[in-house]
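Work through the following exercises with the model open beside the text. Each begins with a task sentence and continues with a solution in steps.

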Amino acid sequence: MKKFFNYILTTFTSILFIYIFVFIAILFLLLNRNFYYLHINYLNIDKNTGYSIESIKLNYNAMIDFLIPFSNNDFHLPTLTYSVQGKIHFEEVKEIFNNMSLIFIIVAIILTIILYYYYNKKDSIFLKKCSINCILITLLICFIGYLNFDKSFVVFHNIFFDNDYWIFNPTKDPIINILPQEFFRNCSIVIFSFIIIDSIFLYILYKLTKIKYLKLNFKL
């Protein structure tokens, strides 16, 4: 029974870690606008759309300013038209980011309690198990996405949205022209990379903590 409890708690903790890592990665992508700027040249967005680089950056920044969690900005694109459905979609995206921020706080509190529990037990091996779980779960999701990114992209939107407003008509919502699918694919790569790197950090932390406990026991 104890082993089963430890297994459930470790799995649950791994999921909490993944959520923290994903949220941090999303914040990084939202706040680090240079990541998108690099794609303008890399994907030839200006040449493919006919928009100037200045115009592309101006509208992208306006979109990001709106999407930042709990910002008070109204949705508005300086030089691009947009439909009512398009505006609703971005409002729904922002609502998701707002909810994710609130959930992040709750998850952080729960994770702190669990870490304190393991700290009192002087049990650091859970960090190793969480590290392995996070990596395995991430690799599984990456593999599924790699098999068919287009299908995964559709499934993702079907899960989080109860309408088809995310399917933009380039004529009514030309902003989709400056947000090619390759950009979102690379965003997903960044997110998964964050999880892998942070998971490796958990393993390193396990090693360091293990050494600390060994030295403490040796002194005792």
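Throughout, a residue is called buried under 20% relative accessible area, exposed over 50% and partly exposed in between, with a 1.4 Å probe and protein chains only. The model is a predicted one, in which local features need pLDDT of at least 70 and side-chain atom pairs count only at pLDDT 80 or more, while totals for chains, interfaces and linings use all residues. Residues are numbered from 1 along each chain as its sequence is written, and side-chain values use heavy atoms, with hydrogens and water left out.

**Exercise 1. Describe the secondary structure and the overall extent of the chain.**

Step 1. Helices and strands are taken as DSSP runs, numbered from the N terminus, where a helix (H or I) needs at least four residues and a strand (E) at least two. By this rule the chain has eight helices and zero strands, so that the order of elements from the N terminus on reads α-α-α-α-α-α-α-α.

Step 2. The C-alpha trace spans about 70 × 35 × 30 Å along its principal axes, and of the 220 residues in the chain 40% are buried.

**Exercise 2. Find the salt bridge and state where its two partners lie.**

Step 1. The criterion is a side-chain nitrogen of Lys or Arg within 4 Å of a carboxyl oxygen of Asp or Glu. A search of the whole structure with this criterion returns one salt bridge, in which the side chains of Asp 65 and Arg 33 meet at 2.6 Å, N to O.

Step 2. The pair links distant parts of the chain, with Asp 65 in helix 4 and Arg 33 in the loop between helix 1 and helix 2, 32 residues apart.

Step 3. With a relative accessible area of 30%, Asp 65 is partly exposed, whereas Arg 33, at 18%, is buried.

**Exercise 3. Identify the residues that have a positive phi although they are not glycines, and describe the setting of Asn 44 and Phe 70.**

Step 1. Asn 44 has a positive phi of about 55 degrees and is found in the loop between helix 2 (34-42) and helix 3 (45-49). Its relative accessible area of 34% makes Asn 44 partly exposed.

Step 2. Phe 70 has a positive phi of about 65 degrees, and its place is in the loop between helix 4 and helix 5. Phe 70 is likewise partly exposed, with a relative accessible area of 47%.

Step 3. Across the fold, the C-alpha atom of Phe 70 is separated by 6.1 Å from that of Asn 98, although the two are 28 residues apart along the chain. Asn 98 is found in helix 5 and is buried, with a relative accessible area of 17%.

**Exercise 4. Which residues make the nonpolar surface patch that includes Phe 70?**

Step 1. A patch is built from residues with over 30% relative accessible area and no salt bridge, joining like charges within 9 Å and nonpolar side chains (Val, Leu, Ile, Met, Phe, Trp, Tyr) within 5 Å. The areas come from the Shrake-Rupley method with a 1.4 Å probe, and for residues only the protein chains shown count as cover.

Step 2. Phe 70, Leu 102, Ile 105, Ile 109 and Ile 113 together make a nonpolar patch of about 500 Å².

**Exercise 5. Characterise the largest pocket by its volume, its lining and the helices that supply it.**

Step 1. On a 1 Å grid over the protein atoms alone, a pocket is an open set of points where a 1.4 Å probe fits, with protein on both sides within 12 Å along at least five of seven lines, and lining residues have an atom within 4 Å of a point. Points are joined across faces, edges and corners, and the volume is the space filled by probe spheres set on them.

Step 2. The largest pocket holds about 1900 Å³ of space. Its lining comprises 49 residues, of which Phe 153, Phe 156, Phe 184, Ser 188 and Ile 191 lie nearest the centre.

Step 3. At least two lining residues each come from helix 1 (2-31), helix 4 (53-67), helix 5 (84-121), helix 6 (125-147), helix 7 (149-160) and helix 8 (181-219). Helix 8 gives the most, with 10 residues.

Step 4. For the composition, Ala, Val, Leu, Ile, Met, Phe, Trp, Tyr, Cys and Pro count as nonpolar, Asp, Glu, Lys and Arg as charged, and the others, Gly among them, as polar. The lining then divides into 41 nonpolar, seven polar and one charged.
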